[in-house]
Amino acid sequence: MFASEMEQYIKTGGLADVIRALPQALADKLNIIDVFLPLYREIKQKDLTHHKVLDEYKLKIGSRTYSGRTIQVKANPPNIRINLVENYHLFGKRAELYAKDGKDYRDNLLRFVFFCRASLETIRNRWHDTAYEVFHCHDWQTALIPLYIETSDFFQNKKLNPLRIFTIHNIAYQGVFPKSQFLLLGIDKLYYDPKYLEYWGKINLMKAGLLFSDIITTVSPTYAKEIQTEEYGSGLNQFVKKRSSMLFGILNGVDYQIWNPLTDPYIPANYSISNLKGKELCKLRLQQSFNLTEDLSIPICSVVSRLAWQKGLDLLLKILPRLLLKKKIQFVLLGTGDPNLELQFREFAKQFPSKTGIALTFNEQLAHKITAGADIFLMPSRYEPSGLNDKYSLKYGTVPIVHGTGGLADSIIDYFTNLEKGTGFIFRPFEEKALLEAIRGALEVFNSKSKWKQIQKRGMEKEFSWTIAAKQYLKLYQRQFS
Ligand code: ADP
């Protein structure tokens with residue numbers, strides 16, 4: 001498995017959660033799972049006990065030679081091994097993963113060419129030890145691997161045909177680079193063609209994953225349909241459509257070892273379906289920590305999110321002032337990202353200091369505290385490939401209000417459409433009025449304690465288990481496509 005993030009080591013978003021949980025869920029079904037990750041500065045600062053240097057190499061990329069090492073760490077269970085690809089200049093010395101001050105690193109193509117090639121180099125050098133049957137690549141950072149396998153002498157000469165599977169976690173991030181960097185890819189010029197990697201006069205790495213993999217997956221059934229449309233396909237819809245017979249939507253699960261109110265070490269009090277008392281304490285502590293009035297009867301609406309256009313928070317910003325003026329509610333947000341959105345939330349918080357708590361940082365513990373302490377979780381995403389926080393909030397009895405798109409539509413049941421089974425509130429279309437109505441509707445139900453409790457409990461009973469998702473991936477690994 002190849003990825004640029006893995007929870008426990010390095011994380012900026014949901015990809016990291018998946019790369020942590022999926023190998024765990026597959027571990028008892030497979031002999032060995034090797035996960036390849038870049039060795040970022042933050043990982044180097046961790047205690048990598050029992051690591052060993054697996055491989056050392058020099059790779060010619062463009063006109064320069066880059067040296068690197070692959071360091072292996074055993075995970076738990078021990079048949080999961082984490083392989084960290086090291087190069088100090090490309091990964092080891094930088095604080096951020098992909099960008100600095102909101103601007104992508106200019107050498108991102110070089111960095112991820114190095115990562116893909118170095119991972120394959122180690123695999124080649126260690127083939128006597130581990131002959132892999134499946135290469136599972138995630139997102140544009142690893143999308144070159146299927147193409148490199150296709151064009152590699154090593155795989156050709158040995159007549160090896162391992163299964164190549166490419167998972168799209170978010171089609172909007174494609175890894176697009178100037179044509180002038182094509183040489184860095186180390187592939188024949190024929191691939192600079194609209195049929196292959198060329199894209200509006202540039203290079204598009206996600207196309208490599210789409211075209212040279214045996215199977216493509218994405219992280220929810222609805223998103224698998226959406227990305228074949230112009231509206232959601234971010235310019236690649238035709239390519240996705242062409243591969244639709246080999247495209248599968250598998251909904252992400254939740255790692256309930258990490259996200260479980262009964263065992264969560266980060267929250268002030270643990271609780272469960274049968275006793276929600278602890279949730280009240282979590283709420284009071286949350287109010288306290290943000291200097292809000294400590295009052296259980298005031299609903300807390302919350303957001304934990306990357307601050308990105310995708311997440312639709314600009315729509316929320318349009319209606320929040322109206323809501324806070326008129327309704328007795330509190331609003332709490334944890335997020336980082338787009339500097340413009342950060343500024344807008346900062347300004348907004350100044351207008352309502354006694355009703356809002358805004359934390360513009362990345363803080364996993366606080367994410368847990370908010371998920372447990374809030375009453376409502378808002379996820380008005382324009383599009384959402386899978387969405388994790390909506391599912392986390394269900395488990396914590398925090399009722400989600402979501403836009404009916406992608407994995408959100410696959411996970412939440414709208415209360416007003418199905419009073420018996422509703423687990424949250426869905427709004428459509430993506431417009432102010434619809435969002436406002438959904439929030440108003442939810443606030444009304446909140447005032448009816450027994451109805452609210454029923455919704456909470458139904459949500460808490462939901463299981464988005466990785467076991468189910470892992471079974472679906474396993475079938476694909478075994479080339480069972482029906
Ligand atoms: P995406 O991958 O698009 O960011 P997901 O909902 O799939 O969205 O996953 C987001 C993950 O990142 C969740 O685990 C969420 O809790 C976490 N997260 C996002 N922003 C923050 C933050 N500021 N602090 C802590 N965790 C965050």
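Me: Which residue of S12 stands opposite Ile 168, and how do you know that S8 and S12 count as paired strands?

Reply: In this predicted model, Ile 168 has Thr 218 of S12 opposite it. Strand S8 (residues 163-168) and S12 are joined in the parallel sense over 4 bridges, and since the rule asks for at least two bridges between two strands, they therefore count as paired.

Me: What makes S12 and S13 a pair?

Reply: Strand S13 (residues 247-249) runs parallel to S12, with 3 bridges between them, and because at least two are needed, this pair qualifies too. Within S13, the residue opposite Thr 217 is Phe 248. As for the side chains of strand S12 (residues 215-218), Ile 215 and Thr 217 point one way while Ile 216 and Thr 218 point the other way, and all are buried.

Me: Why are Phe 2 and Phe 135 called a stacked aromatic pair?

Reply: The search of the whole structure finds 32 aromatic pairs. In the pair of Phe 2 and Phe 135, the ring centres lie 5.8 Å apart and the planes make an angle of 10°; because the limits are within 6.5 Å for pairing and under 30 degrees for stacking, the rings are paired and stacked. The pair links distant parts of the chain, for Phe 2 belongs to the segment before helix H1 (14-26) and Phe 135 to strand S7 (residues 134-138), 133 residues apart.

Me: How do you know whether Phe 2 and Phe 135 are buried or exposed?

Reply: The relative accessible area is 2% for Phe 2 and 1% for Phe 135, and because buried means under 20%, both residues are buried. Ring pairs also link Phe 2 and Phe 135 into a cluster with Phe 36, Trp 127, Tyr 132, Phe 154 and Phe 155.

Me: What makes Lys 395 a charge over the ring of Tyr 256?

Reply: The charged end of Lys 395 is 4.9 Å from the centre of the Tyr 256 ring, and because the term requires a distance within 6 Å as well as a position within 35 degrees of the ring normal, the distance part can be checked directly from the value.

Me: Why are S1 and S2 called edge strands?

Reply: The open sheet has 4 strands in the order S1-S4-S3-S2, with mixed pairing, and strand S1 (33-38) and strand S2 (52-61) each pair on one side only.

How values were computed:
Residues are numbered from 1 along each chain as its sequence is written. This is a predicted model: local features need pLDDT of at least 70, side-chain atom pairs count only at pLDDT 80 or more; totals for chains, interfaces and linings use all residues. Side-chain values use heavy atoms; hydrogens and water are left out. Rings of Phe, Tyr and Trp (its six-membered ring) pair if their centres lie within 6.5 Å; planes under 30 degrees apart count as stacked, over 60 as edge-to-face and the rest as tilted. Helices (H or I, at least four residues) and strands (E, at least two) are DSSP runs, numbered from the N terminus. Buried means under 20% relative accessible area, exposed over 50%, partly exposed in between (1.4 Å probe, protein chains only).
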